[in-house]
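Please read them with the sequence and the coordinates open.

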Amino acid sequence: MTDTILPGALLDVENLSLAVTATGTKVVRGVSFTVAPGEIVGIVGESGSGKTLAARSIMALQPPAIRRTAGTIRFEGRDLAGLSAKALRDLRGGRIGMVFQEPMTSLNPSMTIGRQLEEGLAVHQRQQSAEGRRAQVLDMLRRVGIADPDGALGAYPHQFSGGMRQRIMLASVMLLQPALLIADEPTTALDAVVQRDVLELMVGLTRAHGTAVLMISHDLSMVARYTDRIIVMRKGEIVEQGRSDELLRAPRHPYTRALLSAMPRRQPARPIPPVATPIIEVRDLVVEYGGRRGLFRKEAGKRALHGLSLSIMPREVVALVGGSGSGKTTLGRAIAGLLPPSAGTIRYAGRPIGAGGAEWADYRRNCQMVFQDPYSSLDPRMTIGALVGEALRTVPDMGRGEKAERVVEVLSEVGLGKPFADRYPHELSGGQRQRVAIARAVVRRPAFVIADEPVSALDVTVRAQVLELFADLQARHGFSCLFISHDLGVVEQVADRVVVMQDGRIVEQGDRDTVFDHPAHPYTRRLLSAIPALEPAGEGGVRLKWRFDDAVPVAVPS
Amino acid sequence: MLHFVFKRIAMAVPTLLIMAVTVFVLIRLIPGDPAALMLGDLATPASLADLRERLGLDQSLPVQFGIWFGNVLRGDFGISITSSQPVLPLVLDRFWISARVVLIAVLLASLFAVPAGMIAAWRQNSGTDLFLVGTATLLYSIPTFWLGLLLLLLFGLELNWLPVVGYVSFSEDPRAALLYIVMPVMTLFLHEMGVLIRMSRASTLEVLRLDYITHARAKGLSETAVLWRHAFKNAFGPTWTLIGLVLGNLLGGIAVVETVFTIPGLGRLLVDAIFARDYPVIQGCLLFVAFVYVAVNLVVDLLYPVFDPRVTAE
């Protein structure tokens, strides 16, 4: 642990402790770190590690229920505790800027972009004229890559995509040329490709201005790629900090090692025995939304899927990857029979799944789903036992006792055990809930499971455990799986075959090793090159690896 | 935009039609004969039959409805059975008397309640918050007639500052009119303010939690700028909708308050007409009330995009 204060440190946090005012519970304990001018420092930690609170308290922007109980924060040599409200406001924005995670809520929806950007300038550079401010705003919007800056001035945030909003956010902060930028999970809500563009932009802009960056993230590979130093936090404490390359190569604290070893890794390819009939066969599937037949006219809907064909073999895990809006969730829902196809067929074990009738009922029994958000996918008023047992209600010739036994058996299979049967979802952690969701899906021994981003809402270490459980169950029961994910690292670990989607079309599909090592389609290449990977490098350490050299020209698909 | 307005108005037509039929049928289900009531003790079977024929009450229900509705479509709401005045001018006259009280009261209540609710949210769980929420809860828990009576006792009888009962129109004597209107306005104002404070506080709390508020603070804006420039417009939407509902409700009749202060408003007209079985007036009143309700809410919806550009009038 390095507690040395660099001479001329820009930010010097010493022994910072934060507590919940009402209960006195400490949420951040004795945290010390420094940020030098122009340096990029990453704070990594899982939820509840206190990383966001620690960073927000630098600007005294922690929630009102949280109070600083000890420690000093020095910025540019001044102790921030002694600042008047006015001096604190001058510091906020003017010297320290902040970028937030959720581009959907971090810009005011009822105010034009122009006004939101200009108001910061108006506060911090009063001498400037309105025209001068406008020119500065336009220049900054151009620099963050907004195509039509003049048009953007009068536009509202909802008229922009998530990535564009995050660029605007960045413009609004960098406009004031702060000495320190605090970026709280700045790209977590964005697609891989957009994520990389925004991060490159952020790093480029801050370098150009000599702005230091304190980057908070749960994503180790992202932090590894862009930071000079890394601070690892856990349960309100710093467990380890050091230069990024050293820390990754030779992590000293067991928690850091656990974090690194929890990063998804490619498993050896499994042989999938070829069979004549695939378990799922999709032919020329078209799904349209919002079309309606009026009294006098027929409105064509928005086409979400443009004639897709895809098959899944018994025991095979097929991953569906693509950016948001690519149609991957729509495809999953259509295959699950939750969305009526406008054209095309879906066959299960050679027979059309139909709608209604015995074949439909048979398919519904054999096709189960696991959803992304374990907080909303479990009915909060049902016990875990009832949730898992519900799927057994329609099984003929199965006694009450037998059903209860099966529920307990499945619960122990997912690592929860009998005592959990009487609990309610709110008593469980996110990881435990996702285990329940998986138990619910496999309790009837289905032949096919659709998992829609099953681990996206989970922390790194929990995610590793759930993925391991999933692979274990899959190997034991041999169900086929359609695994929908935007996380290429996870996909690389679990998939036998990969299907890449873009704009409602399949642009590439093939076995995992081929797609990851020799992608054919430019979009696949862009997707893969956006994500840095960490590969093991002895002693529990990792090394940063780019799947593609930046120099490799990649055509941007139109 | 224009398309939306037409669609909304078109959607109101079935509502008004159902309203017309229901009102028409319901009043006739209530026992009591207007002819018998008008003639009182002097009624003989012959004079009764004669009067019923003159009023058109001897016709079958569907025929009566057809005649009445046909006239309504031409703007003729009929003639009051009791006072022989045309219904529409009567309803409009009385409506303006009520509307004046309601509009002033709701406007004042909004002007006080919206900032009060925002301040309570901004200082959540503080003494200020507790005081504002406590006052709001107390205000809307008191029934308006009781609140009205208390005001009468205090300002009218004890302090002798304000006239106790009655109404003077503005055209006759503006100063007296103002004095007479103070207590009814205050009654409604206090009651509705309680409701609106709660709403304004709740929606402001929602907004203050969002990142763009923290972003505004992180830009170095003062708390005043954060509240008025960033929180106000976003928090006002739900309160605005509630103001529309309150306005629609109150404009439809404040019979209780009118009775306490003996104001000859729309509510009193309706109550009196019901007691007298004055069918044309009852029908006219209720249809007009339904129309006002629909119109107020249409205006509220059309103005919503002003506060939230994400909502377009489509």
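1. Helices here are DSSP runs of H or I with at least four residues, strands are runs of E with at least two, and both are numbered from the N terminus. The model is predicted. On that basis the elements of chain B, read from the N terminus, run α-α-α-α-α-α-α-α-α-α-α-α-α. The count for chain B is 13 helices and zero strands.

2. The C-alpha trace of chain B spans about 85 × 55 × 35 Å along its principal axes. Chain B has 314 residues, and 36% of them count as buried. Among the contacts in chain B with a separation of 6 or more, 72% come from residues 24 or more positions apart.

3. In chain A, helix H7 covers residues 192-209. Its end C-alpha atoms lie 26 Å apart, and this agrees with expectation because 18 residues at 1.5 Å a residue should span 26 Å. Just after H7(A), Gly210(A) takes a positive phi of about 70°.

4. Several residues of H7(A) are buried, including Ala192(A), Val194(A), Val198(A), Leu199(A), Met202(A) and Leu205(A). Gln195(A), Arg196(A) and Thr206(A) of H7(A) are buried too. What covers the buried residues of H7(A) includes the helices H6 (162-174), H8 (220-226), H17 (488-494) and H19 (522-530) of chain A. The cover also includes strand S7 (180-184) and strand S8 (212-217) of chain A.

5. Leaving aside neighbours within four places in sequence, Val35(A) is in contact with Ala9(A), Leu10(A), Leu11(A), Val41(A), Leu180(A), Ala212(A) and Leu214(A). Leu214(A) is 179 residues from Val35(A) along the chain, yet their C-alpha atoms are separated by 7.6 Å.

6. Chain A also has an open sheet of four strands, in the order S14-S11-S16-S17, with antiparallel pairing. Strand S14 (302-312) and strand S17 (351-352) of chain A are the edge strands, each pairing on one side only.

7. How many bridges join S11(A) to S14(A)? Eight bridges join this antiparallel pair; within S14(A), Leu308(A) is the bridge partner of Leu285(A). Strand S11 (residues 280-289) of chain A is also joined to strand S16 (residues 343-348) of chain A, by five bridges and again antiparallel. There Val282(A) stands opposite Ile346(A) in S16(A). In general, strands of a sheet pair through backbone hydrogen bonds, either parallel or antiparallel.

Notes. Residues are numbered from 1 along each chain as its sequence is written. Chains are lettered from A and ligands numbered from 1 in the order in which they are written. This is a predicted model: local features need pLDDT of at least 70, side-chain atom pairs count only at pLDDT 80 or more; totals for chains, interfaces and linings use all residues. The expected span of a helix is 1.5 Å times one less than its number of residues. A residue is buried if 20 or more other C-beta atoms lie within 10 Å of its own, exposed if 12 or fewer, and partly exposed in between; C-beta atoms are placed from the backbone. Two residues are in contact if their C-beta atoms, placed from the backbone, lie within 7 Å. Two strands pair if DSSP finds at least two bridges between them.
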